[in-house]
Amino acid sequence: MNDSHKTKKQLINELSQIRQELAAVSTSKNTSQKVTPESIEPDNIFYKAFLSSPDMFIIADPTNGTYVEVNDSFVKNTGYSREELIGHSVGELNLWVHQEERDKMSRLLTEHGKLTNEEFSFRMKSGEIRQWLCAAETVNMGGAERMIAVATDITERKQVEDALRTSEEEFRTLFETMAQGVVYQEKTGEVISMNPAAESILGMKLEKLKNPRIINTNLKTIREDGSIYPAEEHPTMVSLKTGKPVKDAIMGIYNTEEDNYKWIIINTVPQFRPGEDEPYRVFVTFNDITERKRMEENLRYHADLMQNVSDAIVSTDLEHKIISWNRAAELKYGWREDEVIGRKMVDILKPEYPNKKIEDIMKTLRKDGIWRGEAIHETKGGEKLNVLVSTSLIKDEEGDNKGAVTFFTDITEQKQEEERHRTILRTTLDGVWTVDLKGKFIEVNDAYCNMVGYTREELQNMSIMEIEAVETPEDILQRIDKIITEGGDRFETKHKRKDGRIIDVDISTNYLDIGEGQLSVFVRDITERKATEKALRESEERFSKAFRSSPDRVVISTLNDGKVVDVNDSYLRYTGYRRDDVIGHTMIELGSWVNPEQRIKIIQNLKKHGKVENEEVELRNKSGEIRNSIFSAELINIDGEQCMISIATDITERKHAEEALRESEEKFSRAFHASSNLVSITRIKDHVILDINEAYAQLSGYSREELIGRSTRDLKLWADPEQRKKASTQLDQNGKVRHMEVKLQAKSGDIRTILLSTDMVYLKGEPCLLTTGVDVTERKEVEEALKENEERYRLIADNANDLISRIQMIPEISTDYVSPSCLRITGYRQEDFYKDRNLGLQMIHPDDQDLFLKHIRSGNKNQQPLIVRLVRKDGQVIWIEQTHTAISNDKGETVAMHLIARDITERKRAEEALRESEVQLKGILKAAPIGIALIQDRIPVWVNDHFCTMTGYSEQELVGKNSRKLYTSYEEYLRVNELKNRAIEFSGKGEAET
């Protein structure tokens, strides 16, 4: 009779016979052991283990696939009840997903009588597809052929492996395509990983940097001032030594391939092994800022040229409003640059043109592009100055006028200049004095006398050395030499008053070529400003401490009445309140405290001890939801009022997880000896092993004869005795152990990671332990690899200055991930992008969106960066440079894109500023009332108009011709050349009269 036609009673009778046969087999196997078969009751242990094993067990008729018996795990995993399974076949239940897999199982059983560790896909009752690792064998039971099969659900393991492959692919894509250099360096100095961008920036391949000795020998690094960057101060070494990250360090590093220094900005993050305080590796990212440094250097050069010219230079726009005002103009007219920018030059200088009409001047300027003449200007103090004016129009690249640049050369009589100086000396509120080149006071004004508490007569018998509180006499003499060389200086220092009090002062000094030389010095008392700056820093530290140091809920409230002064964004996000709902109200009014007496107790402790730490409280949100929190608070002083700053960390989910874990640990779980997991039965009183399964024997490397009847302590199976103690403690306290991760040592010495569960059972009234273990060694290795890979990905993404994002392309374009740098670059937080998946696309400037979509849909096969505009949250338009890398599925379809965006707004502005500076510089050189020529190898390559006027030659007669024609004799030509070159070599500046 086929099983499918048997009655339920017949099936039950057959199952009873099978159980007896299993018991007989077990008894016969154990008769030679030290433990008698009577010490194990098959109906009490093996059948219970069969039914409750975490593995899935089935007994089936191989002739038609009908199920004869199944255990609880199989019922639970498939979703079918026992009644729906027993007496029915696999085909009826449609469990097989792939016919070829079913054929494979049949073939293996037919050819070999068994199969081991084969992966198959099965369909559950719900329709869900799960992957199982299966073993099966055909045996004879009671004269009938039966198939015994055991299966372990490996779906989650396969998902972890797939996640690892995906993570590795995405990390490799990001690592290899990003423009930012990324390096992993061991504590030994060995570089273990470096992306192509890092190799390009450093000019070295990874193989060359694996040897620390080669690194120290070949890597030449400098600071911004050109000095050597000591190896022990490199950001990587600092992080490895201190265990702290380094942010935005700037370094010049010699690129051997380009034979030049590359400038980089470096960030480092130390990495620690679990349980260790010292880092074993450092993660390094750096950006190539060489081009930015070059443009900054050019801009500084142009700015220095403007600032170091002794004549006043003023640039204006088409409306005659001032757009630049150099240091000489500040000194001559008394106006600071920030006071005049945006104002019309006529309102500042009040110009008068003797014997000239302004209409005629403008007519000449429009016709010739330049005008020279004299004028009378008024300084900020109302003083009249006679100046020589040279104005030149500035044109843009299209040749249209965009403004003018003007030179003002002071031609006022020396006596008038001296009178102006005396007037300033008498009336200025700042301290003013003159000293000789040894630092002895010559003259001081009343303001400085009041500042330091000395009389004029006392000061005139003193020197700078007696009032200076910071610099030594040697420092002061060196500074005087510097002022003589450079013509002036401005710096901050401290002076000693007569009463001993120290004041902060701002010094502005100029060298006067009078007699043996003097220094004219302006002194401003900045003590109050310094105190204000200090108070501001302290205020900012309080603010940072309260709002920027924690993602938890932070509240500042007054201590006396409890009114809320301020809350951070995390508080609003967690509670659902708006800022207006809470400011000025108390937490009692809002109903936030579930137990108000808790707040009273906290306030009492706060007044007594100054702070409260890690109190567990219940707080109510706006919706009425009650959340568990860890509450800490301390006292702070704001504007003289005592306040409380409190931080609440939400632990509701953790509490729920702990409760769920406790409930999970209450579930009873057993396994039996045929399970693919480890199973053992041990007597509690002497730890003697009563029985083990084949999986246990295989993993431990011991035979059953070597294990059964011996104590687990004698065998030293536990690799870590502390773990055994911990398991024993849990068993004593809870009566069981659940899913404890332990290390077991095999006979060979191999260490395996086991997920251990233990239950107490009674055999003939004697307490024993039924222990099951799942070997998770390989899974742990995969998880560790995935964790390390994701950590590397996170380190790159979280520490990148560039904006890194992942864009989903199917079914529609949306943002999957965006790095923390989004806040700095776009003004939006990460949450904003996840709430609105289209935000990334919406930020692209409307005029650039089509270009952006076309570019990413094309897959960017040529790997060219795309430059587009982006609209920040605050409405500011910035420029970004993006690179895109396609991520494809198995079918070759582009399912996602990695985007790396770099903010190049400053670069764009610098380029524009450089262009404008060059245009302005050309105008300045053209308008300069002095002859200027650019000479290379004593041959003029460019001359301005005034140079032609001075020499009488035209531009065509000078440019490209030897300058010998300008000298009266060849001897004079050689003499001037020698004098200038000698001076240039010595001081960088050469002068010669001829």
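Isoleucine 681 stands opposite aspartate 691 in strand S28, and its bridge partner in strand S31 is leucine 770. The model is predicted: local features need pLDDT of at least 70, side-chain atom pairs count only at pLDDT 80 or more, and totals for chains, interfaces and linings use all residues. Residues are numbered from 1 along each chain as its sequence is written, and side-chain values use heavy atoms, with hydrogens and water left out. The chain holds 39 helices and 38 strands; helices (H or I, at least four residues) and strands (E, at least two) are DSSP runs, numbered from the N terminus.

**The sheet around S27 and S31**

- Five strands, in the order S28-S27-S31-S30-S29, make up an open sheet with antiparallel pairing; two strands pair if DSSP finds at least two bridges between them.
- Strand S28 (689-692) and strand S29 (736-745) are at the edges with a single partner strand each, so one side of each has no neighbour in the sheet.
- Neighbouring strands of this sheet are turned by 25° against each other on average, direction ignored; axes are lines fitted to C-alpha atoms, for helices over the stretch in contact, and angles run from 0 to 180 degrees between N-to-C directions.
- S27 and S28 run antiparallel and are joined by three bridges.
- Strand S27 (residues 678-683) pairs with strand S31 (residues 766-775) in the antiparallel sense over six bridges.
- Ten bridges link strand S30 (residues 751-763) to S31, again in the antiparallel sense, and isoleucine 754 has aspartate 775 of S31 as its bridge partner.
- Helix H30 (residues 721-734) lies across S29, S30 and S31 and runs at about 165° to S29.

**The sheet around S17 and S21**

- An open sheet of five strands has the order S18-S17-S21-S20-S19, with antiparallel pairing.
- Its edge strands, strand S18 (441-444) and strand S19 (488-496), each pair on one side only.
- On average, neighbouring strands of this sheet are turned by 25° against each other, direction ignored.
- Helix H20 (residues 473-486) packs on the sheet and touches S19, strand S20 (502-512) and S21, its direction making about 155° with that of S19; contact means heavy atoms within 4.5 Å.
- Strand S17 (residues 431-436) and strand S21 (residues 518-525) are paired antiparallel over six bridges, and glycine 431 stands opposite valine 523 in S21.

**The largest nonpolar core**

- The largest nonpolar core has 26 residues, and among those with the most contacts inside it are Tyr67, Phe74, Leu85 and Trp132.
- Such a core is a set of buried Ala, Val, Leu, Ile, Met, Phe, Trp, Tyr and Cys residues joined through side-chain atoms within 4.5 Å.
- Elements that each supply at least two residues of this core include strand S1 (56-61), helix H3 (72-78), helix H6 (99-112) and strand S4 (129-141).
- Leucine 85 touches Tyr67, Val70, Phe74, Val75, Thr78, Tyr80 and Leu93, not counting residues up to four places away in sequence.

**Burial, surface and cysteines**

- Of the 994 residues in the chain, 43% are buried; buried means under 20% relative accessible area, exposed over 50%, and partly exposed in between (1.4 Å probe, protein chains only).
- Cysteine 134 counts as buried because its relative accessibility is 6%, and cysteine 948 counts as buried at 15%.
- The count of disulfides is zero, a disulfide being a pair of cysteine sulfur atoms within 2.5 Å.
- The accessible surface of the chain comes to about 54,300 Å², with 49% belonging to carbon and sulfur atoms; accessible areas come from the Shrake-Rupley method with a 1.4 Å probe, and for residues only the protein chains shown count as cover.
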